[in-house]
Structure formats: structure tokens, C-alpha cells
Amino acid sequence: MDMAVVMMGFSALSTVSRVEILRLLAKEAPPEGMKSGDIAKRLGVAQNTLSTQLMMLSHARLVQYQRDGRPSSGRVRPEGPSIERFFP
């Protein structure tokens, strides 16, 4: 395992807001992901703030974040670590 990726993962989880995003995606998102607007509404955050947070989680390889069109969406990476077990 690449230690740089591990460190990015820990860094990405250093804020409550990113942990809340990850928990929402792990527990409630359908397999195809959630639209970023829906995530923002559920968590009460601004859309631009959410986009930045999703991008950081994506760089850490914890979520897949697609911005190739409107609306953007996010989901837990299926090939990533077993995130769901941390959120009973």
C-alpha cells in the first residue's frame, strides 16, 4: 500500500464535515451515488463548500466524485477500504 495514499486518507478525515459526508455516502447513498445538491441539503452546507470537500475525499481515494456535467455526484469507492464498517 502506498504510504502517501494512506496519509492523504487520514488527512481527508481530519474534519468533521468530511467524515459526515463519508458517513452519509456509506450509509444512505444508492450504489450509483448521491447528487451533490442532495448531499449539501442533507448536511446543511453550501454547494461550493461541498464540492471542495468531495474533491479532497476523492484525492484521498475514499470517494468517487464526478463533475463531468451537472449535476455532480459522489459515492464511496467500491474498490476502496470497507468504510461502512466504521459507521454502524
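At 26% relative accessibility, Thr 15 counts as partly exposed, because the partly exposed class lies between the 20% limit for buried residues and the 50% limit for exposed ones. Thr 15 is situated in the loop that connects H1 and H2. The model in which this residue is described is a predicted one.

Thr 15 has a partner from another part of the chain. With neighbours within four places in sequence left aside, Gln 53 is in contact with Thr 15, Ser 17, Arg 18 and Ile 21. Gln 53 has a relative accessible area of 12% and is therefore buried, whereas Thr 15 is partly exposed.

The overall plan of the chain may now be set out. The protein chain contains four helices and three strands, and these follow one another along the sequence in the pattern α-α-β-α-α-β-β. Of the 88 residues in the protein chain, 34% are buried. Among contacts with a separation of 6 or more, 51% are accounted for by residues 24 or more positions apart.

Helix H1 spans residues 3-12, and its buried residues are Val 5, Gly 9 and Ala 12. Seen down the axis of H1, these buried residues fall within an arc of 70°, so they line one face of the helix. The packing partners of this buried set are H2 and helix H4, the latter comprising residues 47-59. On the face of H1 turned away from the buried side are the exposed residues Met 3, Met 7 and Phe 10.

The relations between the remaining helices can be treated pair by pair. In general, two packed helices are described by the angle between their axes and the distance between the axes. For H2 and H4, the axes come within 10 Å and cross at roughly 75°. These two helices are therefore roughly perpendicular to each other. From H2, the contact is made by Ser 17, Arg 18, Ile 21 and Leu 25; from H4, it is made by Leu 50, Gln 53, Leu 54, Met 56 and Leu 57. By class, the contact of H2 with H4 has six nonpolar, two polar and one charged residues.

H2, residues 16-28, also packs with H3, residues 36-43, at an angle of about 115° and with the axes 11 Å apart. That angle makes H2 roughly perpendicular to H3. The crossing of H2 and H3 is right-handed. Here H2 contributes Glu 20, Ile 21, Leu 24, Leu 25 and Glu 28, while H3 contributes Ile 39, Arg 42 and Leu 43. In terms of class, the contact of H2 with H3 has five nonpolar, no polar and three charged residues. Ile 21 and Leu 25 take part in the contact of H2 with H3 and also in that of H2 with H4.

The residues of the contact of H3 with H4 divide into four nonpolar, three polar and no charged.

Which residues of H3 are buried? They are Ser 36, Ile 39 and Ala 40. These residues cover an arc of only 100° around the axis, which puts them on the same side of H3. Their cover includes the helices H2 and H4, together with strand E1 (34-35) and strand E3 (73-76).

Two positions with positive phi complete the description. Gly 44 follows H3 and has a positive phi near 65°. Arg 61 likewise has a positive phi, of about 65°, although Arg 61 is not a glycine. Arg 61 lies in the loop between H4 and strand E2 (63-66). With a relative accessibility of 46%, Arg 61 counts as partly exposed.

Key
Residues numbered from 1 in each chain as written. Predicted model: local features only at pLDDT ≥ 70, side-chain atom pairs only at ≥ 80, totals over all residues. Heavy atoms only, no water. Axes fitted to C-alpha atoms, helices over the stretch in contact; angles between N-to-C directions. Parallel < 35°, antiparallel > 145°, perpendicular 65-115°, else oblique. Left-handed = near helix turned anticlockwise from the far one by under 90°. Contact = heavy atoms within 4.5 Å. Nonpolar A, V, L, I, M, F, W, Y, C, P; charged D, E, K, R; others polar. Buried < 20%, exposed > 50% of the residue type's maximum accessible area, 1.4 Å probe, protein only. Arc of directions from axis to C-beta.
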